[in-house]
Amino acid sequence: MTAAGTWRFLIDVAKCEDCNNCLLACKDEHVGNHWPGVTLPQPRRGARWMNVVRKERGQYPHVDVAYRPTPCQHCADAPCVAASGGAIARRPDGIVLIDPDKAKGRRDLVESCPYGAIDWNEELSVPQKCTLCAHLLDTGWKEPRCVQSCPTGALKVVRLDDAEAARLATTEGLLPLHPEHGTKPTALYRSLARFEKCFVAGSVAAETNGVVDCVAGANVTLSRGAEVVATATTDAFGDFKLDGLEEGSGRYALAVSGPAGRGIRLEVEVTTSVSLGVVPI
Ligand code: SF4
Ligand code: SF4
Ligand code: SF4
């Protein structure tokens, strides 16, 4: 890491537990406080500069939930900057800031962000968003308030140039959020699949001498034509979960192979995450 480069969030969806310490720390830092050159005060109610979004997947009994902290992505090619006529600017260190004087009355700028990261401050009549706590980073703080308050390590900030960030993304499997917006977001996410992909899950069980019991150690294979898409082995409860599938990706063949030559083949239609319930073999 070099001193120069772009400040950027690193966000781990798998570590976020929805405690909202980050949101509260942001409010503690910004509600009632004016940071000249950075932002006017945040309103007490309504603003979510660090917005933790929830995603539930599956159906009973195979359900999971993930949380995605979603602040301003401090985009390198930001449509909010383009729409603002000079009221929003990206600093050389990558922090995108709204000038409250130039942006006064510009409610239209709320709609300019495809991530929904800009809130409207009705009382002050200004658009507002995450500043990356520039007033703190500029005075030597190593991290903003939300990052400091996160108990699980789900939030980090780093200062990396684009080549360093690309290397990190490759080696650690980090992804930008919705790159299809074309805004070149600088935040990088780990475990985004928890949000953007879906799963097929089930519980394998077998009947022996009139007693139905779960089957541990069964091999489960999901395939399409000759291609094996995912494999799993059932756990001590007979459960399996084949994750990382594309939503709406259509029909697959599911094969379960258990002990004593027992098994089953099923067709599974994947529109979103699906629980097959008990899969008897
Ligand atoms: S403080 Fe950390 S764990 Fe808690 S909601 Fe925020 S990002 Fe998630
Ligand atoms: S996330 Fe939205 S508000 Fe933030 S820089 Fe990108 S376009 Fe602008
Ligand atoms: S970096 Fe600062 S302004 Fe942005 S969400 Fe975190 S605490 Fe709020």
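How many helices and strands does the secondary structure of the protein chain come to? The chain has six helices and 17 strands, where helices (H or I, at least four residues) and strands (E, at least two) are DSSP runs, numbered from the N terminus. This is a predicted model, in which local features need pLDDT of at least 70 and side-chain atom pairs count only at pLDDT 80 or more, while totals for chains, interfaces and linings use all residues. Residues are numbered from 1 along each chain as its sequence is written, and chains are lettered from A and ligands numbered from 1 in the order in which they are written.

Taken along the principal axes, the C-alpha atoms of the protein chain fill a box of roughly 75 × 40 × 35 Å. Of its 281 residues, 38% count as buried, a residue being buried if 20 or more other C-beta atoms, placed from the backbone, lie within 10 Å of its own. Among contacts in the chain with a separation of 6 or more, 61% are between residues 24 or more positions apart; two residues are in contact if their C-beta atoms, placed from the backbone, lie within 7 Å.

The domain assignment gives domain 1 (6–194) and domain 2 (197–280), with bounds that come from an automatic or database domain assignment. The C-alpha centres of the two domains lie 38 Å apart, and the contact between them takes seven residues from domain 1 and nine residues from domain 2. On the side of domain 1 that touches domain 2, strand β2 (residues 51–59) gives the most, with three residues. By class, that side has three nonpolar, three polar and one charged residues, where Ala, Val, Leu, Ile, Met, Phe, Trp, Tyr, Cys and Pro count as nonpolar, Asp, Glu, Lys and Arg as charged, and the others, Gly among them, as polar.

A residue is near a ligand if its C-beta atom, placed from the backbone, lies within 6 Å of it. Around ligand 1 there are 15 residues, of which Cys-16, Cys-19, Asn-21, Cys-22 and Cys-150 come nearest; α1 (21–30) and β3 (62–70) each supply at least two residues of this shell, which has nine nonpolar, four polar and two charged residues. Ligand 2 has 14 residues around it, with Cys-72, Cys-75, Ala-78, Cys-80 and Cys-113 nearest, and its shell divides into ten nonpolar, three polar and one charged. For ligand 3, the nearest of 13 residues are Cys-26, Cys-130, Cys-133, Pro-144 and Cys-146. The elements that give two or more residues to the shell around ligand 3 are α1 and α4 (145–149), and α1 has the largest share, three residues.

Strand β10 (residues 198–208) and strand β11 (residues 211–214) pair in the antiparallel sense over four bridges, two strands being paired if DSSP finds at least two bridges between them. Ala-205 has Cys-214 in β11 as its bridge partner, and the hairpin that β10 and β11 form has two residues between them, with Asn-209 in the turn at a positive phi of about 50 degrees.

Technical notes:
Buried ≥ 20, exposed ≤ 12 C-beta atoms within 10 Å, placed from the backbone.
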